[in-house]
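I have opened my notebook for a slow look through one protein. Come and read along with me.

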Amino acid sequence: MSETKRVLLIVSGGIAAYKSLELVRGLRKQGTGVRAILTNAGAQFVTPMSLASLSGDTVYDDLFSLTEESGMGHIQLSRDADLLVVAPASADIMAKMAHGLANDLATTALLATDKPILIAPAMNVRMWEHPATQANLGVLTSRGVLAVGPEEGDLACGEFGMGRMAEPETIVAAINGFFLNGERLNGRHALVTSGPTHEAIDPVRYIANRSSGKQGHAIATALAALGARTTLVSGPTSLPDPPGVSVVRVQSARDMLDACEAALPADIAVCAAAVADWRSAGEAPEKMKKTAGEALAPLALEENPDILRTLGAAGNRRPGLLIGFAAETENVIENATKKRISKGCDWILANDVSQATGTFGGDENTIHLVDQAGVENWPRLSKSAVADRLADRIADTLEATA
Ligand code: CTP
């Protein structure tokens, strides 16, 4: 690691809070800076004094924030950190994070930050397994929050099961892994397209498709997490901007192409957008009126530019590693193999988007990666796991050719 890293540690309530002292010690020992926020519930288990002496810094709590907000507010606390770590992360703080509650210093700092977050959940097995906690975890991981643990074992409540906080050395290893990973694509520029495009028919109607943008946004998040300067060119979606990513919002395929060309040069480009293949041949300037009992004459459509193909043929502006998707409903591998060649890209991530697979708009994806060497079949994964795996493969490939 090139410079001293700084962690903002949030200690929430739970018997595992005593282990956070060991975590602070482990981080300080290797030279990682630690500043801590102690929640009121956390303060029932460890004292501010013990955290302060181990971290070598002031410990911030609600009382402090009331009196000193002007000096060291919640914004500044997270601004100074490279990573926010919540350990232990109780069911309560996970729920608050998932829903954007900000009613104390810890949750305010978590809501106000654009820094990466790692949580180490710790709770009773039934609280962990409750659908509410699992749903909250799903929301958090889909936003790029990293989770380490919990582990299975004897719990403080006398029960046995999942819920014990990961051991401090496991959390230190996860933090180090994050920092090392965070530098793998340093100095690289990644361009990602995502979402559908909207092709106007008249001022109120448009041609669209079922793409949610979840896969493309997850890929931008994963590439940024590996340290790439990332530009996300997104069609209309309801998704929030991924943290640390520069987002250009567009409507139509032609706008998307312009934005992509303006973002070049790029070391990596991943075209995950479901670009509309056609647009209305003549956008009506006013709302088209219906005439009772009369069918509408067929809309004349004209072909949209193919963004992936254009990037593939961009000569010395071509992205170094160009990756496309193939959305297929039949002959998935065969069609994807043809698309890789015809669009001039290096890899194609083929997926079956038949209605029955639930891939379009859903949270999971089954990928077949087609490259020059052949086909790699991935298991069914969440879209964020697909993104992480793709980002790792990209980093491996660029490191091997560097
Ligand atoms: N793509 C693109 N611009 C388009 C159409 C597609 O950049 N106008 C990209 C997609 O982002 C994807 C790849 O091309 O990476 C393949 O998209 P897909 O919808 O599977 O294929 P099409 O090229 O549209 O071909 P078809 O609809 O005939 O299968």
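**Entry 1: a helix and its surroundings**

Against which helices and strands do the buried residues of α5 pack? Before I answered, I noted that this is a predicted model, in which local features need pLDDT of at least 70, side-chain atom pairs count only at pLDDT 80 or more, and totals for chains, interfaces and linings use all residues. I also noted that residues are numbered from 1 along each chain as its sequence is written, and that side-chain values use heavy atoms, with hydrogens and water left out.

I then found the partners: the buried residues of α5 pack against β1 (6-11), β4 (83-89), α6 (105-112), β5 (117-121), α7 (125-129) and α8 (131-142). Helices (H or I, at least four residues) and strands (E, at least two) are DSSP runs, numbered from the N terminus. Helix α5 covers residues 91-99, and its buried residues are A91, I93, M94, K96, M97 and A98. Buried means under 20% relative accessible area, exposed over 50%, and partly exposed in between (1.4 Å probe, protein chains only). After α5 comes G100, with a positive phi near 75°.

**Entry 2: T133**

I moved to T133, which sits in helix α8. T133 counts as buried because its relative accessibility is 7%. Setting aside neighbours within four places in sequence, I listed its contacts (heavy atoms within 4.5 Å) as A91, M94, M123, M127 and W128. T133 and M94 are 39 residues apart along the chain, yet 7.5 Å separates their C-alpha atoms.

**Entry 3: D57**

Is D57 buried or exposed? It counts as buried, because its relative accessibility is 18%. I found D57 in the loop between α2 (48-55) and β3 (59-60).

**Entry 4: a hairpin**

Next I looked at β7 (residues 151-154) and β8 (residues 160-164), which run antiparallel and are joined by four bridges. Two strands pair if DSSP finds at least two bridges between them. G153 has G161 in β8 as its bridge partner. Five residues lie between the strands of this hairpin, where G158 takes a positive phi near 95°.

**Entry 5: the open sheet**

In what order do the eight strands of the open sheet come? I read β13-β12-β9-β14-β17-β18-β19-β20, with mixed pairing. At the edges stand β13 (246-249) and β20 (374-382), each with a single partner strand, so one side of each has no neighbour in the sheet. One pair I checked is β14 (residues 268-271) with β17 (residues 321-328), parallel over four bridges. There, V270 has I323 in β17 as its bridge partner.

**Entry 6: the ligand**

Last, I counted 14 residues around the ligand, the closest being C271, A273, F325, K339 and K343; a residue is near a molecule or strand if one of its heavy atoms lies within 4 Å of it. A polar side-chain atom of D277 is 2.9 Å from an oxygen atom of the ligand. A polar backbone atom of L308 lies 2.8 Å from an oxygen atom of the ligand.

Technical notes: A polar contact is a pair of N or O atoms within 3.5 Å; within protein, one must be able to donate a hydrogen and the other to accept it, and residues adjacent in sequence count only if both atoms are side-chain atoms.
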